[in-house]
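This briefing is intended for a reader meeting the structure for the first time.

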Amino acid sequence: MSKPALSVAGLSHRWGAKTALDDVRFSLPPGRFCALLGPNGAGKSTLMAVLTGLIRPRAGAVTVAGVDMGRSPRAALAGIGVVFQQPTHDLDRTVAANLRYFAALQGLGRAETEARINEALARLGMAERAGEKVGKLNGGHRRRMEIARALLHRPRLLLLDEPTVGLDAPARAAITAHVHDLAAQGITVLWATHLVDELRDSDEMVLLHRGRVAAAGAVGALRGTVPLPDWFLAQTGAAA
Ligand SMILES: Nc1ncnc2c1ncn2[C@@H]1O[C@H](COP(=O)(O)OP(=O)(O)OP(=O)(O)O)[C@@H](O)[C@H]1O
């Protein structure tokens, strides 16, 4: 059996007196779309902050494709692409110029940079927008550019923290479809959301509630014949 793309064991974190993560444990098989589902305040962003190395947990371990993040943070992080909740880009520059900046930070040469940018934009259906100023793009296309940016170093694991917040329904649907395609191409995806309509029955799910894993497994198997919004409400007491 291949190693899990991501493995989390015994992870706990407190913000002052507030417990945000409480003995969180799960693992993701490679090449799957996994939703990190949970109501507001469940601990999703705190978990993302641990997985991206922004905060050190008080207890527990994170392993990325067999590499221990505590012992070898640089090697573990090299395998991860991240799309944070808050967008960051230069509106006055083109899509390609924005991506070139991040490619330069990663030390990619000029020819390699252009090839990687073309590859990443094509994966998000954005190839024809490379020369457009970011300020002229709609919210959905800006978000797709950010996902392309997270792929420049060819990570095997992609983390996205509520990537569709603030977008209209068609843009949300397009982005969820593109990211499902990435998983079908072999990239493991962890997609934090509180919106159940972004999930498919064939997806994996980790349900976080009050900092604990309340359920984990395939969405269809977990919900059975119960509509997902009703299942979510029964598990968490929160409307989806
Ligand atoms: N920097 C912080 N300082 C203090 N408390 C925090 C901090 N960040 C989060 N918390 C608290 O930790 C708990 C988990 O919050 P977190 O943001 O991780 O949840 P979430 O599932 O991402 O919620 P949301 O969907 O609202 O972003 C909440 O009670 C929150 O108030």
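The shell around the ligand is formed by Trp15, Lys18, Ala20, Gly38, Asn40, Gly41, Ala42, Gly43, Lys44, Ser45, Thr46 and His194. By class, these residues comprise 3 nonpolar, 7 polar and 2 charged. The model is predicted, and the mean pLDDT of the protein is 94.

**Ligand surroundings**

- Two elements, strand S2 (18-28) and helix H1 (44-51), each contribute at least two residues to the shell around the ligand.
- Helix H1 provides the largest share of that shell, with 3 residues.
- Among the residues around the ligand are Lys44, Ser45 and Thr46, and helix H1 covers residues 44-51.

**Confidence of the model**

- A pLDDT of 70 or more is reached by 99% of the residues of the protein.
- The scores for the model are ipTM 0.96 and pTM 0.93.
- Where pLDDT is low, predicted coordinates should not be read in detail.

**The sheet of six strands**

- An open sheet of 6 strands, with mixed pairing, is arranged in the order S6-S7-S8-S3-S9-S10.
- Strand S6 (80-83) and strand S10 (212-218) form the edges of this sheet, each pairing on one side only.
- On average, neighbouring strands of this sheet are turned by 15° against each other, direction ignored.
- Strand S3 (residues 33-37) pairs with strand S8 (residues 188-193) in the parallel sense, over 5 bridges.
- Within the pairing of these strands, Phe33 has Val189 of S8 as its bridge partner.
- Strands S9 and S10 run antiparallel and are joined by 6 bridges.
- Leu207 has Ala215 in S10 as its bridge partner.
- The hairpin of S9 and S10 has 2 residues between the strands, and Arg210 in this hairpin takes a positive phi near 50°.
- Helix H1 lies across S3, strand S7 (157-161), S8 and strand S9 (204-209), and its direction is at about 145° to S7.

**The sheet of four strands**

- A further open sheet has 4 strands in the order S2-S1-S4-S5, with antiparallel pairing.
- Its edge strands are S2 and strand S5 (67-68), each of which pairs on one side only.
- Strand S1 (residues 6-15) and strand S4 (residues 59-64) are paired in the antiparallel sense over 5 bridges.
- Ser12 has Ala59 of S4 as its bridge partner.
- Helix H1 packs on this sheet, where it touches S1, S2 and S4, and its direction makes about 65° with that of S2.

**Domains**

- The protein is divided into domain 1 (1-79 + 156-240) and domain 2 (87-154).
- The C-alpha centres of domain 1 and domain 2 are 25 Å apart.
- Domain 1 and domain 2 each give 10 residues to the contact.
- On the side of domain 1 that touches domain 2, helix H6 (residues 169-184) gives the most, with 6 residues.
- That side of domain 1 has 8 nonpolar, 2 polar and no charged residues.

Note on methods:
Residues numbered from 1 in each chain as written. Predicted model: local features only at pLDDT ≥ 70, side-chain atom pairs only at ≥ 80, totals over all residues. Near = placed C-beta within 6 Å. Nonpolar A, V, L, I, M, F, W, Y, C, P; charged D, E, K, R; others polar. pLDDT = per-residue confidence, 0-100. Pairing = 2+ DSSP bridges. Axes fitted to C-alpha atoms, helices over the stretch in contact; angles between N-to-C directions. Contact = placed C-beta atoms within 7 Å. Domains from an automatic or database assignment.
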